[in-house]
Amino acid sequence: MEAKFKLIDGEFSVGEAKEIIGNLLEFKIQYHSKQNFGSEIRTGVSDQKSLSRKENLKATKIHFLSYLEQMSDTDVINIHSEISIKK
């Protein structure tokens, strides 16, 4: 069973892109921080999967923001993202 859903689909200013994608990445970083914290509280052991994912997301956020810094604030960019679920 497979399903696809549009998450982001449109044109955005560089500032809007920074806000939208930056916030999405930050939400995911915080999610994995909470997952790890919960694991440490419940079991006394860090959640290595969440810690690894958190570090990957931080790197992605830095790379993404750095990429956008090369553009003018007046530039308009297209962003398309979908959620793909496979079972």
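Residues are called buried when their relative accessible area is under 20%, exposed when it is over 50%, and partly exposed in between, as calculated with a 1.4 Å probe on protein chains only. By this criterion Lys6 is exposed, with a relative accessible area of 67%. The model is a predicted one, in which local features need pLDDT of at least 70 and side-chain atom pairs count only at pLDDT 80 or more, while totals for chains, interfaces and linings use all residues. Residues are numbered from 1 along each chain as its sequence is written, and side-chain values use heavy atoms, with hydrogens and water left out.

The largest nonpolar core is made up of 12 residues, namely Ile8, Phe12, Val14, Ala17, Ile21, Leu25, Ile29, Leu57, Phe64, Leu68, Ile77 and Ile79. A nonpolar core is here a set of buried Ala, Val, Leu, Ile, Met, Phe, Trp, Tyr and Cys residues joined through side-chain atoms within 4.5 Å. Two or more residues of this core are given by each of strand E1 (2-13), helix H1 (14-43), helix H2 (48-69) and strand E2 (76-86), and the largest share, 5 residues, comes from H1. Helices (H or I, at least four residues) and strands (E, at least two) are DSSP runs, numbered from the N terminus.

Helix H1 has 30 residues and reaches 43 Å from its first C-alpha to its last, close to the 44 Å expected at 1.5 Å a residue; the expected span is 1.5 Å times one less than the number of residues in the helix. The buried residues of H1 are Val14, Ala17, Ile21, Gly22, Leu25, Ile29, His32, Asn36, Gly38 and Ser39, and these pack against E1, H2 and E2. Among them, Asn36 counts as buried because its relative accessibility is 10%. Leaving aside neighbours within four places in sequence, Asn36 is in contact with Ser46, Asp47, Ser50 and Leu51. Helix H1 is followed by Gly44, whose phi is positive, near 80 degrees.

Helix H2 has 22 residues and reaches 32 Å from its first C-alpha to its last, close to the 32 Å expected for its length at 1.5 Å a residue. Within H2, Ser50, Lys54, Leu57, Phe64 and Leu68 are buried. Seen down the axis of H2, the buried residues fall within an arc of 95 degrees, so they line one face of the helix, the arc being that of the directions from the helix axis to the C-beta atoms. The cover over these buried residues includes H1 and E2, whereas the face of H2 turned away from the buried side carries the exposed residues Gln48, Ile62, His63 and Glu69. At the start of H2, a side-chain oxygen of Asp47 reaches to within 3.1 Å of the backbone nitrogen of Lys49.

The structure holds 5 salt bridges, a salt bridge being a side-chain nitrogen of Lys or Arg within 4 Å of a carboxyl oxygen of Asp or Glu. One of these joins the side chains of Lys4 and Glu82 (3.7 Å, N to O), and this pair links distant parts of the chain, with Lys4 in strand E1 and Glu82 in strand E2, 78 residues apart. Glu82 is partly exposed, with a relative accessible area of 45%. Phe5 counts as partly exposed at 44% relative accessibility and touches Ser81, Glu82, Ile83 and Ile85, not counting residues up to four places away in sequence.

A further salt bridge is formed by Lys6 with Asp9, the closest N and O atoms being 3.1 Å apart; Asp9 counts as partly exposed, at 44% relative accessibility. In helix H2, Glu55 and Lys58 lie 3 residues apart, about one turn of the helix, and their side chains meet in a salt bridge (3.8 Å, N to O). An α-helix has 3.6 residues a turn, so residues three or four places apart point the same way. Glu55 is partly exposed, with a relative accessible area of 44%, and Lys58 likewise counts as partly exposed, at 36% relative accessibility.

How values were computed:
Contact means heavy atoms within 4.5 Å. A polar contact is a pair of N or O atoms within 3.5 Å; within protein, one must be able to donate a hydrogen and the other to accept it, and residues adjacent in sequence count only if both atoms are side-chain atoms.
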